[in-house]
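Here is a brief report on one chain.

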Amino acid sequence: MTRVLRSHPPELSAIQAPVRDSLDRVGDEIKRIVLSDFSNIEEVNEHLLFMRGKLFRPTLLLLASRLEGEAAHDDALTPAAVVELVHLATLVHDDAVDHSALRRGLPTVNALWTHQVAIIMGDYLYSRGVAELARVGRLEALAVVANAANEMSVGEMRQLTSYDALDFSEEDYYRLIAAKTASLMAAACEMGSLVGAPRYREPLARYGHNLGMAFQIADDLLDYTGNEAVTGKPTGHDLRERKVTLPLVGALQRATPAEEREIRAFFTLADPADEDIARIVSIVAARGGLAYAHARAVRYADLAHVALDEVPEGVSQDALRDAIAYAVDRPR
């Protein structure tokens, strides 16, 4: 049964409130882990830490770790920092692969330095993270995050080798976002359970997977509907990069032959103009692609709620439920 999502999703700060004490220390833990005596690496580190995101994945990990109490605060800090470092590493690599100039409104590593530096820094962030988990003896957590990193790499390769973008099926899309986004959110929740609530490992991993699926579908919707000042990337960014996401997949199912020809012609353009992108966005909206994608996001949100039915009620569970509403209906 579909659960009604809030008309106004909770603020991320409210979701983070139960773990704010630890979350404030995650930034310091990240700095400690990536500290280097090599000035070139430190220079890039300073830029990356300045553009650090909202710590959504560490928030999930910390909340999951407290489902059975608050005894594991300090034990969760390193895993929380590592999951953010792995996330940051994937963003650095993605920006290099996509030749992106901006990330969250700031210049990317490949734009400020070189693509070679970006690839090396992504490797550095990941290797420092996994080395730290090994150092503190978190071998199960290391296995979880390594598996997620492998899934993300395979997902990126699948996307790169999709030669005809419009042959990209809905199942292909789900397989891609499961690898690129849901795998790390599932890993964050599973790692949190390993610290403080090990008997809930399976439902928490399932929660994280479905949350990640809903999150990525909503993120792809933002590319059609979002405000650049809010999202940090221009509307139509995915279309400019010839990426087929669920709104377009859904619209193609109802597009007229003439509209499908327009869409196919768009994907042959070397440098689409703003009006070209606006036209595709209008077709997607008119043919129900936005509503189609939102309905699928809600379906995954429902599955995340079902998984949470299996874990203890309390402040942490409430915050994890609020994270679902935030993921699906965050500001556009």
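## Cavity

A cavity is a set of points on a 1 Å grid over the protein atoms alone where a 1.4 Å probe fits but cannot get out; lining residues have an atom within 4 Å of a point. Its volume is the space filled by probe spheres set on the points, which are joined across faces, edges and corners.

This is a predicted model: local features need pLDDT of at least 70, side-chain atom pairs count only at pLDDT 80 or more, and totals for chains, interfaces and linings use all residues. Residues are numbered from 1 along each chain as its sequence is written, and side-chain values use heavy atoms, without hydrogens and water.

One cavity of 30 Å³ or more turns up in the whole structure. The largest cavity has a volume of about 60 Å³. Its lining includes Leu48, Met51, Asp95, Arg103 and Arg104. Helix H5 (residues 73-98) gives the largest share, four residues. Helices are DSSP runs (H or I, at least four residues), numbered from the N terminus.

## Salt bridges

A salt bridge is a side-chain nitrogen of Lys or Arg within 4 Å of a carboxyl oxygen of Asp or Glu. The count is 25. Asp74 pairs with Arg25, with the closest N and O atoms 2.9 Å apart. Asp74 lies in helix H5 and Arg25 in helix H2 (residues 20-34), so the pair ties together parts 49 residues apart in sequence.

Lys180 and Glu156 also form a salt bridge (2.9 Å, N to O). Lys180 is in helix H9 (residues 170-196) and Glu156 in helix H8, so this pair joins parts 24 residues apart in sequence. A network of salt bridges links Glu29, Arg32, Arg128, Glu132 and Arg135.

Methods: On a 1 Å grid over the protein atoms alone, a cavity is a set of points where a 1.4 Å probe fits but cannot get out, and a pocket is an open set with protein on both sides within 12 Å along at least five of seven lines; lining residues have an atom within 4 Å of a point. Helices (H or I, at least four residues) and strands (E, at least two) are DSSP runs, numbered from the N terminus.
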